[in-house]
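This report describes selected features of a two-chain structure. Please consult the sequence and the coordinates alongside the text.

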Amino acid sequence: MAYQFDFAAVWAYHEMLAQGAMRTLALTAVGAGIGVAVGTLGAVVRAWRLAPFDRVFGVYVELIRNTPFIVQLFFIFFGLPSLGVHMSEWQAAVLAMAVNLGAYSTEIIRAGIVATPRGQIEAAASLALSRFEIFRHVVLRPALQRVWPALVSQIVIVMLGSSVCSQISAEELTFAANFIQSRNFRAFETYVVVAVLYLLLALLVRQLLLWIGRRFVVGRPAT
Amino acid sequence: MNRRNILRLFAAAALACGLLTTAHAGSLETIQKSGTLRVAVPQDFPPFGSVGPDMKPRGYDVDMAGLIAKGLGVKLELIAVTSTNRVPYLTAGKADLVISSLGKNPDREKVIDFSNAYAPFFTGVFGPDELKVTAAADLAGKTIGVTRGAVEDLDLSKIAPASATIKRFEDNNATIAAYLSGQVQLVATGNVVAAAINERSNKRPLDTKFLIKNSPCYVGVNKGDEPLLAKVNEVIAKAKQSGALNEIAQRWLHAPLPAGL
């Protein structure tokens, strides 16, 4: 009576799985790009208390970090059309991911910015660096350096969380898994394969982002 | 020894069933003599049969039972059954008729007889009034919401043209929400689900566009009970003609009877 494993039943859908994985990656790339940009803006505004925007971002951060991602997603996809805002499942998914990551990365990057020693900024000022130069080289870059691993982790979390987007018919990796499982009834095989795919994707994204961090954010170590 | 006992039990049960069925063969007379028609109706399957706020059974099947009792000129006695025991209630003689959203299939036809269809039960494509869709080919370029893995998903995936976008949702609620919020133009689902949507919201009323799979409901009658079957068919035909059945369909399914029924 032992269960007969049949991974061929899943392999029959390998094109769908590959497409789903690519779409998950694309969704993550766009969502994370916008999300980190929003987060950087929010972090600067909050760290330097630029009224009244710091309050706005404060509310935004609390609102997003204290509500479930799936509720945010459903609100955008099913709720907003009542106000006349229609979005495709992909637009809704990207927006939800960007908004979600924006809130978390605001706090992550802000932590890096507030950790900048005052003396460092004063030293830069005494070297006659402009405000923008100080911000770019003395504040933001070291801040991103400090929090980069945390930011990468958050992006991976958002990527794994994108599995929820299958609920609004966005055909990403989890959608592919649910679809395959509803056709071949091979739940064990299907979800094992998809779990491994997610694991590989997460490792890939993490390594890629760490490399990007080393190459572009942290810069070459001073020798 | 043990096995022999079980066999005996089966033989006795079969005999008892046979006796009961024969005892009810001339049931039209018995019903008229006793003045009550006992009908097995569902109580867990709205809108066909459920318990109303006044704790009384109500629904399409209950109204249908009332119609037949009226046609026979007798009192109605409702017997609440579930989908698993509705046929045994009939064959065991505990009910004269089973009106319980019963579909026809060869296995059931071996055990009981079926009247003409009295209620529509089908999966189909539904959408707003203004959208002109009459067949699967018309779905080209349209977006259709469906609940993933449901029968209608499998059927629709086969018949929809390649340019149709099928959006698959996790459950009926998500499919309904997608339609009501305008994320999909049409939905493929059962007519009962469509009726439930129309009952709860008139934001985007659902019209039947075309049928995917038709499995209407029939009244179940004991095998060989010709006089009762003829009488039931007569009442159904009359109700179709007079519009009484259409009224019931409008009340519970929020849609007129389909033409072919």
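The model is predicted, and every value given here was computed from it.

**Helix packing in chain A**

Helix α2 of chain A spans residues 14-47, and helix α9 of chain A spans residues 187-217. Their axes come within 11 Å and cross at roughly 35 degrees. The crossing of α2(A) past α9(A) is right-handed. On the side of α2(A), the contact is made by Leu17(A), Ala21(A), Thr24(A), Leu25(A) and Thr28(A). From α9(A), the partners are Val193(A), Leu197(A), Leu201(A) and Val205(A). By class, seven residues of this contact are nonpolar, two are polar and none is charged.

**A sheet in chain B**

Chain B holds an open sheet of three strands in the order β2-β3-β4, with antiparallel pairing. The edge strands are β2 (44-45) and β4 (57-58) of chain B, each of which pairs on one side only. Strand β3 of chain B, residues 49-51, is joined to β4(B) by two bridges, and these two strands run antiparallel. Within this part of the sheet, Ser50(B) stands opposite Arg58(B), a residue of β4(B).

**Domains of chain B**

The domain assignment of chain B gives two domains: domain 1 comprises 20-121 + 216-253, and domain 2 comprises 122-214. The centres of domain 1 of chain B and domain 2 of chain B, taken over C-alpha atoms, are separated by 30 Å. Five residues from domain 1 of chain B and five residues from domain 2 of chain B form the contact. On the side of domain 1 of chain B that touches domain 2 of chain B, the five residues are nonpolar, with no polar and no charged residues.

**Contact between the chains**

How many residues of chain A are in contact with chain B? There are 10 residues of chain A, and they are in contact with 11 residues of chain B. On the side of chain A that touches chain B, α4 (69-79) and α8 (173-184) of chain A each supply at least two residues. The largest share of that side, three residues, comes from α8(A). By class, the side of chain A that touches chain B has four nonpolar, six polar and no charged residues.

**Residue classes of the contacts**

The table sets the class counts side by side.

| α2(A) with α9(A) | seven residues | two residues | no residues |

Note on methods: Residues numbered from 1 in each chain as written. Chains lettered and ligands numbered in written order. Predicted model: local features only at pLDDT ≥ 70, side-chain atom pairs only at ≥ 80, totals over all residues. Domains from an automatic or database assignment. Contact = placed C-beta atoms within 7 Å. Nonpolar A, V, L, I, M, F, W, Y, C, P; charged D, E, K, R; others polar. Axes fitted to C-alpha atoms, helices over the stretch in contact; angles between N-to-C directions. Helix = DSSP H or I, 4+ residues; strand = E, 2+ residues; numbered from the N terminus. Left-handed = near helix turned anticlockwise from the far one by under 90°. Pairing = 2+ DSSP bridges.
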